[in-house]
Amino acid sequence: MADYSTTVGNVELVALTDGHGDMQPLDVFPASSLEIWQSEYPELLDGEVIHPRFGTTAVRSGGKLIIVDTGLQAPDGKLISDMLSRGIDPAAVDLVVLTHLHPDHVGWNLTDGSPTFPNARYITSQSDWDFWTSPEMLESADNGHVTAQVLPLEDLNIVDLISDDDYAITDELTAVSTPGHTPGHISIVVSSNGERGYILGDVAHSPAQAHYTDWSPVFDVDPDLSRRTRNAVLDSLESDGALVSAGHFPGNGFGHFVRDGGRRVWQGI
């Protein structure tokens, strides 16, 4: 099986990407230090810059084709071409699940005002929707993506707002509440044929957080809640050995949180 595709029981996960960012690690993780990055995570550095992936996961479950998050749609965004190269037709997508409504997770919701996935319904949490579409947020200069890529979903009557926790997407996929990064952030538990997987969303942004789990990126709306959520989720994923799809992690973003030499590490596959 090609390295961009893996399975959890009867569920197929396909790693997709919309490209990569260019960021100074201390600008993302103020609690970190360049010395830690250089000495412990040199493979994540390009000089003194990190390149987080703008990842998306395609999921085949219960006869449905589901896309989890839609990237950034920067001028050089390549999500659609990557999908087509993997044999995934945007018109064949049944559901688009948005873990949260940051710009790098909703960018391909629409293209030139029309749904990029014309036959899909879009799902996101009610509380994240309420936060991002509040009058205060809509007046923010940094909130143009909501006007362009989020609110039109309601106008087109193609979005379903769900409760934050334990929402059955299919018999094998359940949306669970993982708040902090945004108020209504959700992750997805995959449970099929006795196997378990987890689509992380932005609970963690870097493999470095496997060990430095208290590092909260500047993008977190509630850094302390995000820290508590991240510790609880990563402890659980380490304990049960679940396969994880992590959208901002390098490569295909598939791997496990494991114990090695007394510390938790990310073990990509």
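In the hairpin formed by β5 and β6, where two residues lie between the strands, Gly-62 takes a positive phi near 60°. This is a predicted model in which local features need pLDDT of at least 70 and side-chain atom pairs count only at pLDDT 80 or more, while totals for chains, interfaces and linings use all residues. Residues are numbered from 1 along each chain as its sequence is written, and side-chain values use heavy atoms, with hydrogens and water left out.

Strands and helices are here DSSP runs numbered from the N terminus, with at least two residues (E) for a strand and at least four (H or I) for a helix, and two strands are said to pair if DSSP finds at least two bridges between them. Strand β5 also pairs with strand β2 (residues 11-20), again in the antiparallel sense, over seven bridges, and His-20 has Arg-53 in β5 as its bridge partner. Eight of the nine residues of β5 (residues 53-61) are buried, so this strand is largely enclosed by the rest of the structure; buried means under 20% relative accessible area, exposed means over 50%, and partly exposed lies in between, with a 1.4 Å probe and protein chains only.

The hairpin of β17 and β18 has two residues between the strands, and in it Gly-261 takes a positive phi near 60°.

The loop between β13 (173-177) and β14 (186-192) holds His-181, which is buried, with a relative accessible area of 2%. Not counting residues up to four places away in sequence, His-181 touches His-100, His-102, Asp-202, His-205, Phe-219, Asp-220, Val-221 and Ser-226, where a contact means heavy atoms within 4.5 Å. Between the C-alpha atoms of His-181 and Ser-125 the distance is 13 Å, and the two residues are 56 apart in sequence.

Taken as a whole, the chain has eight helices and 18 strands. With 269 residues, a compact globule would have a radius of gyration near 18 Å, and the chain agrees with this at 17 Å; the radius is taken over C-alpha atoms, and the globule rule is 2.2 Å times the number of residues to the power 0.38. Of the 269 residues, 54% count as buried, and among contacts with a separation of 6 or more, 65% come from residues 24 or more positions apart.
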